[in-house]
Amino acid sequence: MHTATILVVDDEALIRWSLTTRLKEDGYRLLEAENAADALARCREGVDLVLLDYRLPDADGVTVLKQIKEADPDTLVILLTAYASVDTAVEAMKHGAYHYANKPFNVDEIALLVEKALETTQLRREVRALRATQARPYSLDRIVGVSAAMAGTRALLQKIAASPASTVLLTGESGTGKDLAAKVLHYASARASRPFMNITCSALPEALLESELFGHERGAFTGADRQKRGLIESADGGTVFLDEIGEMVPALQAKLLRFLEEKTFKRVGGAADLKVDVRVIAATNRNLQDEVRQGHFREDLYYRLNVLPIVLPPLRERREDVPGLVHFYIDSYNTEFKKRVRGIEAEAMLLLERYPWPGNVRELRNAIERAMLLAEGDTLVRADFQTLTASALHLTDRVDLPAAGIDLEQLERSLVVQALERTAWNQTKAAALLGVNRDQVRYRIEKFQLEKPS
Ligand SMILES: Nc1ncnc2c1ncn2[C@@H]1O[C@H](COP(=O)(O)OP(=O)(O)OP(=O)(O)O)[C@@H](O)[C@H]1O
Ligand SMILES: [Mg+2]
């Protein structure tokens, strides 16, 4: 902890002397000023706390207080006044004074007040430092990927982060980075120093989810023996991340919609409309449009959420992102496991680039983690990814062409048919098996004039 610097501002030399003498005993560094102009100049030297006389020859204390706070909101100010009135005290506190003390004062009491005040700033600094280290893992460049899709996602996130509120809907298969995107968005925004609150809508039964989200009043239901603030209220100024929104029951969907439209809500069992300022980020790996069509999800809520949709494409549709992710995870597991893996052999990388990654980036991360734990040498090799080759669909880098040649179209058709049959004609799943996207499957269904057996 650094030695705190205290500035004593008073036009009376005796008061300056008694305070500085006493505070030096406590080990602080002391500066003095006898008027406002001098005080402001000395503040620029970096002052932690100011003991400020209310009556100065060239200005009144509140004006100086305001100027000190403007220059550095972290500077603590204790106002000393001989004309104690409630009004002055209120005025001083309103402008950010930490405390005020009446003249004549007891120097020991002032010393105690100073000690307490400095503890507060120290804590505040520590909290901020912690927040900064927490936020750093979620800077924009944490989203790895050179594909156009990922570059676009980063740009979009940056733009939305800079804008004040707007609700965001993140969609994408499991493991594509929805959680990550939500955190990046929060920490890149002006809301970063405020809370990021996260709830998984499918994890709780309806009644509990409602009270978690909106809070409840005392006696709202059996067991509600005290009032409780909900997540939305606690996140004021920050972000609420509603994960698996597709799983939210219709009754709650209605309440959420009301909140999004009116920015107000009621605690469970409460009558008052409470107002907060939060950004809602919703995420789902379901196709919400389908959910709407099937009547599981309110259409109006869907449209309200879908103002700013961000789609995270599956990894198999952006294979060019694989090498970057592989190196990113090699680096981070080197640090975590204190390993010195230098890289990955070309053949192994080829395998990873061709693998369809049904579990997307999460699966890739796990594969690298496992390989790094098993790796014997300083390079990852194909054998380190045996689980992938074992579950191999058709990962062989090389299919030997029979001497008599083959019918390529026929082979392709047969594979597409097998994939469709195995997945009961679920085109998305079939696409995953084939390592292509759904449009490419659709295209082939038409090309080969395949028909779903009835
Ligand atoms: N583009 C990316 N760059 C770096 N890491 C990523 C990227 N996308 C995802 N990840 C990482 O992959 C893992 C899974 O991502 P995340 O938890 O965000 O997925 P999700 O879309 O929320 O999945 P689910 O639907 O299962 O909740 C996390 O460890 C995340 O940090
Ligand atoms: Mg998630």
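Student: What makes E7-E10-E13-E6-E14 an open sheet of five strands?
Tutor: In this predicted model, those strands stand in that order with parallel pairing. A strand is a DSSP run (E, at least two residues, numbered from the N terminus), and two strands pair if DSSP finds at least two bridges between them. Strand E7 (196–200) and strand E14 (309–312) each pair on one side only, as the edge strands.

Student: How do you know that E10 and E13 pair?
Tutor: Strand E10 (residues 239–243) and strand E13 (residues 279–284) share four bridges in the parallel sense. The definition asks for at least two bridges, so they count as paired. Thr239 stands opposite Arg279 in E13.

Student: Why is Glu347 called partly exposed?
Tutor: Its relative accessible area is 42%. Buried means under 20% and exposed over 50%, with partly exposed in between (1.4 Å probe, protein chains only), so Glu347 is partly exposed. Glu347 is found in helix H14 (residues 346–354). Val381 is 34 residues from Glu347 in sequence, and their C-alpha atoms are 7.5 Å apart.

Student: What do the buried residues of H7 pack against?
Tutor: The buried residues of helix H7 (residues 178–188) include Ala181, Val184 and Leu185. Contact means heavy atoms within 4.5 Å, and the partners are helix H6 (148–162), strand E6 (168–172), E7, E10, E13 and E14.

Student: How are the residues numbered?
Tutor: They are numbered from 1 along each chain as its sequence is written.

Key. Chains lettered and ligands numbered in written order. Predicted model: local features only at pLDDT ≥ 70, side-chain atom pairs only at ≥ 80, totals over all residues. Heavy atoms only, no water.
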